[in-house]
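Subject: Structure for you to look at

Hi,

Here is the structure I promised to pass on.

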Amino acid sequence: MRTGLKKRQKITEIFFDEASSMITVATYNTDLKNRLTAYAKCWPDCYKLVDDDGWGRLTFEVEKGRFCFRLTAPYSEERWKAAGEQAKKNGIAM
């Protein structure tokens, strides 16, 4: 969908507070929109589409505990080398 917005303007916003049992996710990200839409169809009690602005941004309400951030530490040079060796050993091109 063409929105007339630049990629830099297509932001994803995630709002939550300690009092509410829901998280609000507003996004232009196609992959995230598709995943949340599919979840909303399968589990309407936990995921709900609450707004479509008509310009490509969808807003969902997600039950707390159903949405997470995954933070990962950067790989050390040692770990990169070990992963590369393991991939070569298993015939995976890197």
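Phe-69 counts as exposed, because its relative accessible area is 54% (buried means under 20%, exposed over 50%, partly exposed in between, with a 1.4 Å probe and protein chains only). You'll find Phe-69 in the loop between β4 and α2; helices (H or I, at least four residues) and strands (E, at least two) are DSSP runs, numbered from the N terminus.

Before you go on: this is a predicted model, where local features need pLDDT of at least 70 and side-chain atom pairs count only at pLDDT 80 or more, while totals for chains, interfaces and linings use all residues. Residues are numbered from 1 along each chain as its sequence is written, and side-chain values use heavy atoms, leaving out hydrogens and water.

Back to Phe-69. Together with Phe-16 and Leu-71, Phe-69 makes a nonpolar surface patch with about 410 Å² of accessible area. Patch members have over 30% relative accessible area and no salt bridge; like charges are joined within 9 Å, and nonpolar side chains (Val, Leu, Ile, Met, Phe, Trp, Tyr) within 5 Å. A salt bridge is a side-chain nitrogen of Lys or Arg within 4 Å of a carboxyl oxygen of Asp or Glu. The areas come from the Shrake-Rupley method with a 1.4 Å probe, and for residues only the protein chains shown count as cover.

Now the rings. Phe, Tyr and Trp rings (the six-membered one for Trp) pair if their centres lie within 6.5 Å; planes under 30 degrees apart are stacked, over 60 edge-to-face, the rest tilted. That gives 4 aromatic pairs. In one of them, the ring centres of Phe-67 and Phe-69 are 5.9 Å apart and the planes sit at 85 degrees, so this pair is edge-to-face. Phe-67 is partly exposed, at 21%. Elsewhere, Tyr-39, Trp-43 and Tyr-47 form one aromatic cluster.

On to the strands, which pair if DSSP finds at least two bridges between them. Phe-15 has Thr-24 as its bridge partner in β2. β2 also runs antiparallel to β4 (residues 58-63), joined by 6 bridges, and Thr-27 stands opposite Leu-58 there.

Cheers
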